[in-house]
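Here are a few friendly notes to read alongside the structure. Take them one at a time and find each part in the viewer as you go.

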Amino acid sequence: MANEWNVGKKKSGLRKETEYAVIVGVITRKQTEELVDEYLDELEFLALTAGAVTVKRFVQKLDSPDNKTFVGSGKAAEIAEYVKEHEEVTMVIFDDDLSGKQTGVLEERMKVKIIDRSSLILDIFANRAQTAQAKTQVELAQMQYMLPRLRGLWTHLERQRGGIGMRGPGETEIETDRRIIRDKISKLKKDLEKLDRQAATRRKGRDAMVRVALVGYTNVGKSTLMNLLTKSDVFAEDKLFATLDTTVRKVAFEGVPFLLTDTVGFIRKLPHHLVESFKSTLDEVRESDILLHVVDVAHPAHADQIRTVQTLLKELGVEEKPTVLVFNKVDLFRERNYDLYLDEEGKEEVEEGLRKSLESEFGHEAMLISAKTRENMEQLRRRLVDMVKGEYQMTYPYIAQHW
């Protein structure tokens with residue numbers, strides 16, 4: 001354990017108050033070992049984003065989750081023993097959703113906080129939300145998540161005071177019952193409807209301009225690209241969900257004006273309640289004319305991330321919108337994939353092969369860029385100008401005729 005623990009502390013660079021976690025995944029007929037490893041990599045990054053360092057992984061093979069402990073009594077006992085031997089560990093994070101009953105049973109056996117992927121994501125959202133709309137959306141999602149878990153969660157929450165997974169209403173609503181939470185959900189929905197109407201009014205004021213929306217998986221560089229294209233200072237960070245609140249900027253390339261919107265990043269296994277709550281924010285995507293789908297080409301699971309985003313875009317009913325598939329971080333791709341002795345011709349062959357493979361699989365012309373080094377940004381700008389001009393010709397021809 002000593003080596004494992006030191007590595008965790010060294011890599012994190014975080015202070016004493018950092019929480020330390022164990023993460024747990026389950027291999028089933030629907031989730032292969034390779035896929036679970038990817039999910040756990042992402043879960044570890046989620047935990048780090050929330051402020052926790054992962055020091056141990058546990059993986060269990062199951063035909064179906066156990067009703068009481070999710071992972072089975074034997075594996076639960078193994079995890080409990082590990083946690084007992086390593087008192088620095090303050091939480092166990094499961095990659096799948098737990099019921100209130102499972103959470104209560106696991107906490108009783110392990111004597112630490114039990115968190116699932118959804119509650120971890122909700123915690124990050126609660127910490128990152130800045131505007132009234134985002135805060136209301138997150139609180140609504142938290143309440144909807146909590147409601148079916150009340151019986152199992154009450155004793156769980158009474159013993160906890162703050163920390164990851166306990167922000168927002170988790171601390172202050174311990175004494176509530178189902179009726180009070182339902183009333184709260186009803187009120188939050190009304191508040192959100194009011195905020196939505198205000199947002200819709202603001203969007204109407206932007207009519208007669210073509211709208212381009214940046215979409216993509218979380219942490220692919222959308223905000224960095226937004227800053228580069230608009231010369232603004234949208235918050236960007238190498239963490240998941242660095243951006244929650246929708247940001248809109250007016251841009252003009254070659255005298256052609258349009259609105260560019262940065263949106264919240266998508267993720268696999270995104271909690272259903274969170275998707276529902278944030279659909280109003282994603283109205284910016286629905287009402288856009290062009291989608292700029294940004295992909296982290298250096299990520300080993302970028303193809304899976306593209307499919308995740310495409311699935312969510314389909315749920316929003318926008319999959320048929322004109323889309324530019326932009327593969328960002330090509331500089332990082334080269335760093336990770338080029339052999340030290342590969343010559344220029346070999347590098348060009350690798351990139352051309354990558355481009356053709358992506359175009360063949362996803363049916364879009366693949367554009368390789370680096371927002372960090374500004375590589376191929378002029379090519380992207382020209383592509384955007386052409387698409388925006390075409391959209392003006394179809395939608396606002398009276399404006400286009402002045403160019």
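1. A definition to begin with: contact means heavy atoms within 4.5 Å, and angles run from 0 to 180 degrees between N-to-C directions. Keep in mind that this is a predicted model. With that in hand, look at helix H2 (residues 33-50), which lies across strand E1 (19-27), E2 and E3. H2 runs at about 155 degrees to E2.

2. Now for the sheet. In what order do the 4 strands of the open sheet come? The order is E2-E1-E3-E4, and the pairing is parallel. Strand E2 (52-61) and strand E4 (113-116) stand at the edges with a single partner strand each, so one side of each has no neighbour in the sheet. From one strand to the next, the twist averages 25 degrees.

3. Strand E3 (residues 89-94) pairs with E4 in the parallel sense over 4 bridges. If you pick out Ile 93, its bridge partner in E4 is Ile 115.

4. Next, a pair of helices. Helix H13 (residues 302-315) packs with helix H15 (residues 344-362) at an angle of about 30 degrees, and their axes are 12 Å apart. Angles under 35 degrees count as roughly parallel, and H13 and H15 are therefore roughly parallel to each other. Their crossing is right-handed.

5. Which residues make this contact? From H13 come His 302, Ala 303, Ile 306, Arg 307 and Gln 310, while H15 brings Leu 358, Glu 361 and Phe 362. The residues of the contact of H13 with H15 divide into 4 nonpolar, 2 polar and 2 charged.

Terms used. Residues are numbered from 1 along each chain as its sequence is written. This is a predicted model: local features need pLDDT of at least 70, side-chain atom pairs count only at pLDDT 80 or more; totals for chains, interfaces and linings use all residues. Side-chain values use heavy atoms; hydrogens and water are left out. Helices (H or I, at least four residues) and strands (E, at least two) are DSSP runs, numbered from the N terminus. Angles under 35 degrees count as roughly parallel, over 145 as roughly antiparallel, 65 to 115 as roughly perpendicular and the rest as oblique. A crossing is left-handed if the near helix is turned anticlockwise from the far one by less than a right angle, and right-handed if clockwise. Ala, Val, Leu, Ile, Met, Phe, Trp, Tyr, Cys and Pro count as nonpolar, Asp, Glu, Lys and Arg as charged, and the others, Gly among them, as polar. Two strands pair if DSSP finds at least two bridges between them.
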